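Colleague: I've got this model open and would like to talk it through with you. Can you take me around?

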Amino acid sequence: MMLRESQIMKIHYITGIAALFVVAVHIMMRLIMPYSLSLEYENVIANYHNVPYLVLLESILVLIAIHGFNGLRIILLELRQSKAWEDGITILTIAAMMAVVAYGTRTIIIANGFGLGFE
Amino acid sequence: MEADRSNREGLMGWLNPGRYGWERVSYWLQRLTGVGLLAYFIGHVFETSSLTQGPDAWAAMLELTQTPLGHTILLLVIGMSTYHSANGIRLIFAHGGKGLGKPGRPDYPYDAVSLNYRQKSGIWIALILAAVAMLYGASVLFGGE
């Protein structure tokens, strides 16, 4: 399925605004207790055992990956225009986006305890 | 036929703020902060993955990142993300045609109606918000808690 650039731009705006809200909650989770205490291993793992927070983390991962790698694609397409370059950059950024989402999702799943049985 | 490459300025054309005033500065700040935030995001995903290797690996990663240099980088990220968000919202409105003013007869000195005080103040608001967020971030990160 080919998306028009106008549709991709709408996705860019929507993911950007949505990311603003979920990242705000993510930062607040670091500030509900003293900052250094919030980074202690037990507290971070406790965050990962909280299912609504897991959903929030996964949505941050997906939203910022889409927004960030599409932004990078736009910058690279502004620098140079040819069919091969545009197709190459699009494929490269989609692959990088999927790799980052997969790696981040792996962390979320393992830290939650599905993989290592932390509980 | 050989393509005409004389109009390809590459990165220098992208970075040149000389010809277009504040809007050009805002244009490349939006891109520089975007690339910086993407680099931080990838680094943060990698940094957080040390959780999966247990408490010792997590402590080792914190030793690396919770340093004055690490906190300074985090402060930059706070500033970049605030500017990128505020200026991004301005751009969404501008792309939607909001706050651009009405088209008029082009009289000398040919100031573009679209580059009006609303757009310029939007850029300043983004910069001021970024500075305020960085000050608050500094109070948390270097506040001695």
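Modeller: Let's settle one term before we start: a residue is buried if 20 or more other C-beta atoms lie within 10 Å of its own, exposed if 12 or fewer, and partly exposed in between, with C-beta atoms placed from the backbone. This is a predicted model, where local features need pLDDT of at least 70, side-chain atom pairs count only at pLDDT 80 or more, and totals for chains, interfaces and linings use all residues. Residues are numbered from 1 along each chain as its sequence is written, while chains are lettered from A and ligands numbered from 1 in the order in which they are written.

Colleague: What share of the residues of chain A counts as buried?

Modeller: Chain A has 5 helices and 0 strands; helices (H or I, at least four residues) and strands (E, at least two) are DSSP runs, numbered from the N terminus. Of its 119 residues, the buried share is 22%.

Colleague: Why is chain A more spread out than a compact globule?

Modeller: The C-alpha trace of chain A spans about 50 × 30 × 25 Å along its principal axes. The radius of gyration is taken over C-alpha atoms, and the globule rule is 2.2 Å times the number of residues to the power 0.38. For 119 residues that rule gives 14 Å, and chain A counts as more spread out because its own radius of gyration is well over that, at 17 Å.

Colleague: And in chain B, which element has the lowest mean pLDDT?

Modeller: pLDDT is the predictor's confidence in each residue, from 0 to 100. Chain B has a mean of 86, with 88% of its residues at 70 or more. Helix α4 (residues 68-95) of chain B has the highest mean of its elements, 94, and the lowest, 70, belongs to helix α1 (residues 10-15) of chain B.

Colleague: How should I treat coordinates where pLDDT is low?

Modeller: For the complex, the predictor gives an ipTM of 0.90 and a pTM of 0.87. Where pLDDT is low, though, the predicted coordinates should not be read in detail.

Colleague: Which element supplies the largest share of the side of chain A that touches chain B?

Modeller: Two residues are in contact if their C-beta atoms, placed from the backbone, lie within 7 Å. The contact takes 23 residues from chain A and 24 residues from chain B. On chain A, α1 (5-31), α2 (35-38), α3 (41-48), α4 (51-79) and α5 (83-112) each supply at least two residues. The largest share, 7 residues, comes from α4(A).

Colleague: Which residues touch the most other members of the largest nonpolar core?

Modeller: A nonpolar core is a set of buried Ala, Val, Leu, Ile, Met, Phe, Trp, Tyr and Cys residues joined through C-beta atoms within 7 Å. The largest one has 30 residues, and those touching the most other members are Ile60(A), Ile64(A) and Ala65(A).

Colleague: What supplies the largest share of this core?

Modeller: α4 and α5 of chain A, together with α2 (22-48), α4 and α5 (117-141) of chain B, each supply at least two residues of this core. Leaving aside residues up to four places away in sequence, Ile64(A) touches Ala19(A) and Phe41(B). The largest share of the core is 9 residues, from α4(A).

Colleague: Is Leu69(B) buried or exposed?

Modeller: Leu69(B) is found in helix α4 of chain B. Leu37(B) is 32 residues apart from Leu69(B) in sequence and 17 Å apart in space, C-alpha to C-alpha. With 9 other C-beta atoms within 10 Å, Leu69(B) is exposed.
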